[in-house]
Every structure is written in structure tokens, then in C-alpha cells.
Number of protein chains: 2
Amino acid sequence: MALIVQKYGGTSVGSPERIQAVADKIIAYRDQGHRLVVVVSAMSGETDRLLGLADAVSASPNPRELDVLLATGEQTTIALLSMALAERGCLARSYTGAQVHILTDNAHNKARIREIDADRVAADLDAQHVVVVAGFQGVDEKGNITTLGRGGSDTTAVALAAALKADECQIFTDVDGVYTTDPRVEPDARRLERITFEEMLEMASLGSKVLQIRAVEFAGKYNVPLRVLSSFEEGEGTLITYEDEGMEQALISGIAFNRDEAKLTALGVPDQPGIAHLILGPIAAANIEVDMIIQNVAPDGKTTDFTFSVHRNDYQRSLEILQEVAGGMGASEVVGDPKIVKISLVGVGMRSHAGIASSMFETLAKEGINIKMISTSEIKVSVVVDEKYLELGVRALHETFQLDQATPA
Amino acid sequence: MALIVQKYGGTSVGSPERIQAVADKIIAYRDQGHRLVVVVSAMSGETDRLLGLADAVSASPNPRELDVLLATGEQTTIALLSMALAERGCLARSYTGAQVHILTDNAHNKARIREIDADRVAADLDAQHVVVVAGFQGVDEKGNITTLGRGGSDTTAVALAAALKADECQIFTDVDGVYTTDPRVEPDARRLERITFEEMLEMASLGSKVLQIRAVEFAGKYNVPLRVLSSFEEGEGTLITYEDEGMEQALISGIAFNRDEAKLTALGVPDQPGIAHLILGPIAAANIEVDMIIQNVAPDGKTTDFTFSVHRNDYQRSLEILQEVAGGMGASEVVGDPKIVKISLVGVGMRSHAGIASSMFETLAKEGINIKMISTSEIKVSVVVDEKYLELGVRALHETFQLDQATPA
């Protein structure tokens, strides 16, 4: 008998019929003897409906009140799911984020969880209840309703699992696990049975949007075994844990990519201390997130080129800012390209294998793909290439590293 | 500068456009220097939408979870109204029932307010905020969400006004005040400038559905001046207070009527102590509310006839119950009539005027209307007549007591 926290996303609870299907699924788990806490999102479409109402009354909705509004979405789902469970003779009890004291900071619309008082949930579990908790929402110290931002329900589930010391946190979604790469790009992509938190973090941050990145961080920090499963199909999904003896010792676990990148370069900037800050300070001040940053040595000892990448939506504004600051800094020119993609190899195995990067570059060269930027971390090698090479590059790399096979040579 | 609690019903906040109109109205009051607490209902149609969802997942929705679900209705409205106010540069802050600690008993779906902790609201008012509170909902001692039952938003408003010692509680609705009788029945019906709590209670309980009866009781108990106004038209509405020097000294304030009555009679029951209980005990046990109860003297000293009235929806079940108990009691026969109406004269002035009842009976007799039951209280005389005489009776009485004129002869 295990204590399991399950999370069902908006699509899984998107209609009364689907809510009833989820109720049946929950009861099947309970009948196996498990104790269950279930975290749910708003029904799919509901958050957009609420945002539409907000837009209809305000051009820039007050952030505190937006949270009050959005929090009704999950509250509706917890009530409906608990009713469906009760209808099936299953003891169930719903809680909003405030009711189980999911204490967050007061950053409305993107709050972070500080603490969970799991006593009430634990008492209900002891009384044989299935406990149904609203994802995505919490409450600040003053009792104001907060939300964690889109996708925050994953974080709620992991945080509850950590607070309750659950045996596993299961995220039910519309895919049946984490793949070596996107199957829409590479049909031979293979579902991974296991992956480490670190790898998952790199995969998630690079655009494999299976799990919210903060949820993975949280799970890693508190060592909560996390499993991604399909709501609609049977299967074991993918288990995300710390590396251990029993894990597949693959060099590379997967290939992530990101289509939303754009790059900007200030050419001929003086090679002086403080330049990076002069350039990125105003970018950060405009709330633009920077992904890769590359500054090479100055070949003439005097000037260098400074390149960074941003989300494609922020490209135009970043360009304007960069043009403004570059002048005052004596840069010779500002250039940019919004039509790039980033392809990354991810794998804890590469820590001890120096050859990964060169194999990667060789594969891309063979296909005639020019590399525009390179960046590496301990368990990742990323390259930026022209948008048009995305599919070709991913498929070639998938083959080179034999990711279609469970035990690579 | 006054402290005013305003309540806007579902129709008044039925769309984003109407919510914006309410925001404009609120700001106009605030600009007159008033401090404002605003209580709102769910947008019209929203409660039915939520009930539809509940029905789709459960044949008999769990009462606790139904409250969790329904409470989202007002939560949506408070957020939208506060956003609309903020958009107009008006400091505003929304609160759910739980957030302002509207403490109720734990009778889900029909909870009663026990206590309100108004400190938080008072602090916001001091900080020049308009405070927007969700009507209809509260929280029990254990933190479970409760609702007060349909129409409970009026009660929330009055309870808040009492807790804050507000100068006035204004109920905005789709009628512009309390009338001497229903204008759809008597076109000469006149809006009353003032009416006493007692009169309003009698009017409300008799089917003049302008205000929820519990709200009027609450207002009377805590002496909160209550005003009924139109959301859509300008005007002073009707003020409901205790009788005082300045009030119109009318004999009769209004004529209420109720189309939903049905009457039942057990004929020839033994004239013994305990008979009333034997008959009404099983009726009460079946959760059927009894309105009028009439038992006349036993002319033969042995048997009497026992008559009572119920809501027409409960007629059939009441008849079955009465037939069951009447047999064991030795009643000779059970008869009933579901096609009756009750017409009542209401007025604090009748306390000191014995002639009211006889004028009433005389008027009805002149029109050939047969009276089937009579019941009186200190400020009310009610008669039960055939359904078909409703309009005729109301109009004749309206004329007899000159209710179309502000200062009756």
C-alpha cells in the first residue's frame, strides 16, 4: 500500500464525462490499496473563458483580482470530481489551495510555494478519504488568494507529495511519457522508462513541455519520485528519479529542441569588464529572459562580439534596446536573427565522455548544417542552427546516438 | 459621509457590461464621500450553469461539494467587479466569504450566519478602499465552504452592515422599491417611501419576493436601515426601518398575496388534546412547511375540523400523509383544495384599528368573493379564497383602503 499523489491536467478533466472517467481511474487505484491525494487543474478552456471575462471588464486586470478569478477554475473541478467520487460510494473531500494552507509568497499570478500544512490532508487520508486538492493556487500570509502561473498544478502536486512524504507523484497528461525526442519530428523516438531529474530539467527547459520546470526542480530538491503517465492510455509512463545503479547507462537520454529562439549580436564592442552588464542590464530591466549568452575572446585584444538569445516574442523589443545601448558603448553594429532553433543533446552519461560534442558536430557537418552558436553544460550540449535544419538535425542526431534502442552500443 | 453596504443581485451583474455599469454607480456614490462595502451575487445564469455541471457528474450532488462549486459563482463576480473598479482608478479589494470570516453553522446549502469578523473590512475602508464581498457564502468552524441558500446575498449584506454598524444597507434589484401590491395585478399600486420591518416581513413571507425574508429579520434584529432600490433606474426606492414619528401613518401599508397555497382538512377529528400534534408531526417530519393552521371550536363538543395550508408543490404528499394519519385518529374524512390563494392586508396601523378586518370582509362580500379561511396576526389579516378571485379581490381592497394615495383619508 503506497501513498500516491496524482495530478490530472485540464484536458483530463475537460468535461463532465472525462471527470467521471478520472473518478473511475482513481477508484481503481484505491481498490489496489493505495492512499490517494488528487490534484486537478481547471477544466480545459475554463481559464481562457475566465481571462475573457477579465478582458471584458479591464484592459489590464488587477493581478490580485485576476488570481481571485482564476482560482475559481480549479475550485469548480475539485467540487465536480469529489461529487463524482461520492456518487460512486468513494469517500472524498475537496480542498482549495487556501483550505490546505498552500502558503505562497505574494507575487500574484506567479507565486511560489513556501510551505504546505499537510495535517488536514493526512487526517483525511487516515479516515480513508480520497483528498482532492485544487492545483495552481495558494494563499499568502495575509490570506490573499494567489496563483502559481500556468502549469502550476504540477508544482502543487509535487509540493504536496513532498509535504506528505508520498511514495510517488504521478502526473497524468495527454502524452504517455517522456520521449528521446519529439515523435512528431522523429518517428523512431522512444519512450524512456526512466530519466534523471537533471536530464528532465534540461529537457523541460528546452521545450519538451511535458512537465512544468518548477515541478521538476521541486521534485528533485525533495527527492519525490515523479512519474509521467497518460490519462487516456494504459502504461507505465516515465519515472523521473535520481540516478541509481539500476538506471539505463545511456550516454544521451534525449534530444530537446526549441523553436522559439531568436539571437542578437552586438558586433565590435570594447573588450572591457562590465560590458556584459551594460548590455544585459537593460534587457533584464525590460523583463526579457535571456537564454544563451556567448562572448568569445577578442582576437585583436580590443573588441569582441557579444551574442545572446531570447524568446522570439521578445526579439523586436530586444533589438530596439540593444540598438540603444550599443551606440553609447561604441559597438560597431547590431545584428540579429529571429529564425533560429536550438537543438540540445541531454544526458547524465556525457559527464564522463568527452567525445559527445565532437560526434554531435561531426553529424551535423555531414548533413551540411552550419552551427551558429554552441553552448554546453555538464549534461547538455546545445547548438543553434537555422530554423530550416531542425528536423534534419534532430533525426541525424537521434540515429548517431542510437536513441531508438533501449541499450545503446 | 456615511458608511453604506450595497448589494447588487445577479441580474445587476449579469454581464461584463453590467458589471462596468455597477462600477460606475459605485464610484458615483464614493464621489459623494461615502465609504462603501459592496456585496454581489453570482452573475445571472451562472448558478444554473454550475448546477448543470453538478447534475452531469452526480445524480444527487454531495452537499459539501455543491457548496464548493456554487461558491465559485460569487467569487467570479467579486474579482470582475474589483478589476472594473481598479481599471477606473478606484482602490478596491475583493473578499470571499471565507476571507472575511463569515462564520456559519455547517448546514451545507442552507447555512446560517453566526458571526462576522469585520476587522479586515474596516481596515480596508480606513485605507480608502471599496470592499467587494462575495454574497451567499461563508465558512464553518472547520473551514469548510458553506452557502446560505438562494437569495442569501441579501443576508450577507445585512449581516455585514450590522457588523460594521453601517448607516444604511442598500439592496439594488430589478424593481425600484416595495409597492402597495403587485403592479402587475393592480396598475394603481404605489411605491412606498417607507415601510416597517414588521410589515416588510409579512409582505416578504407572503410572496412579495423583493427581499429575502431572513435578510429582513436580520435587519430588524440589528436595526439596520434597509433600502430597496433599482439597479437600472434612478430613485430613492423604499426605506425599511422601525416605526417612527416621521412615518406615514397609514392603516394599511400594502396587500400581499400568495398563489402557491393549497389547503387540506381533516373532518370530524376528536376534539382532544394532542390532535394538532398527531396531524402536523408527520407533516413536519416530511420537511413540509405549514403556513396557516385553523381549528375551530367543536360545535358538538366531540369532533372538530382541522385545516392547514402548505405550498402547492407539497400538496400531494401532504394529502397522502394526512390520509394515513387521519384513519388512525378516527377522522371521518380528508378533503383538500390545491387551487386557492391567500390575500393579506399588512399594516402596523391596524394594531389600533379594530375595523380593518370587517372592512376587508365587507369589500370581498360586495364582490361576491367567498372566504374559505381567515387568519390574523397583530399587523396582518389574511383570507384564503378561490384562485380565480385573486385579481378581483386585490384590486377591490386596494381601492377600499385608498392605497393609491400617499396620505389616506
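**Close-ups of a predicted two-chain model**

View 1. In strand E20(A), Ile343(A) has Val383(A) as its bridge partner. This is a predicted model, so keep that in mind for every view here. Zoom out from the pair and you get two antiparallel strands of chain A, E18 (residues 340–346) and E20 (residues 380–386), held together by seven bridges.

**View 2. The sheet around E18(A) and E20(A).** What order do the strands of this open sheet follow? Reading across chain A, the order is E13-E18-E20-E19, four strands with antiparallel pairing. At the edges sit E13(A) (254–258) and E19(A) (373–377), each of which pairs on one side only. Ignoring direction, neighbouring strands in this sheet are turned by 20° against each other on average.

**View 3. Helices on the sheet: H10(A) and H11(A).** Helix H10(A), residues 355–366, lies across E18, E19 and E20 of chain A. Check its direction against E20(A) and you'll find about 20° between them. Helix H11(A), residues 390–400, also packs on the sheet, where it touches E13, E18 and E20 of chain A. The direction of H11(A) makes about 10° with that of E18(A).

**View 4. Where the chains meet, seen from chain A.** Chain A puts 29 residues into the contact, and chain B puts in 29 residues too. Which elements of chain A give two or more residues to the side that touches chain B? They are H1(A), H2(A) (46–57) and H3(A) (63–87). H3(A) supplies the largest share of that side, with 14 residues. Sort the residues on chain A's side by class and you get 17 nonpolar, 10 polar and two charged.

View 5. Left-handed or right-handed: which way do H1(A) and H2(B) cross? The crossing is right-handed. From H1(A), the contact is made by Pro16(A), Ile19(A) and Gln20(A), while H2(B) brings Leu53(B), Ala56(B) and Val57(B). By class, this H1(A)–H2(B) contact has five nonpolar residues, one polar and no charged ones.

Definitions and conventions:
Residues are numbered from 1 along each chain as its sequence is written. Chains are lettered from A and ligands numbered from 1 in the order in which they are written. This is a predicted model: local features need pLDDT of at least 70, side-chain atom pairs count only at pLDDT 80 or more; totals for chains, interfaces and linings use all residues. A crossing is left-handed if the near helix is turned anticlockwise from the far one by less than a right angle, and right-handed if clockwise. Two residues are in contact if their C-beta atoms, placed from the backbone, lie within 7 Å. Ala, Val, Leu, Ile, Met, Phe, Trp, Tyr, Cys and Pro count as nonpolar, Asp, Glu, Lys and Arg as charged, and the others, Gly among them, as polar. Two strands pair if DSSP finds at least two bridges between them. Axes are lines fitted to C-alpha atoms, for helices over the stretch in contact, and angles run from 0 to 180 degrees between N-to-C directions.
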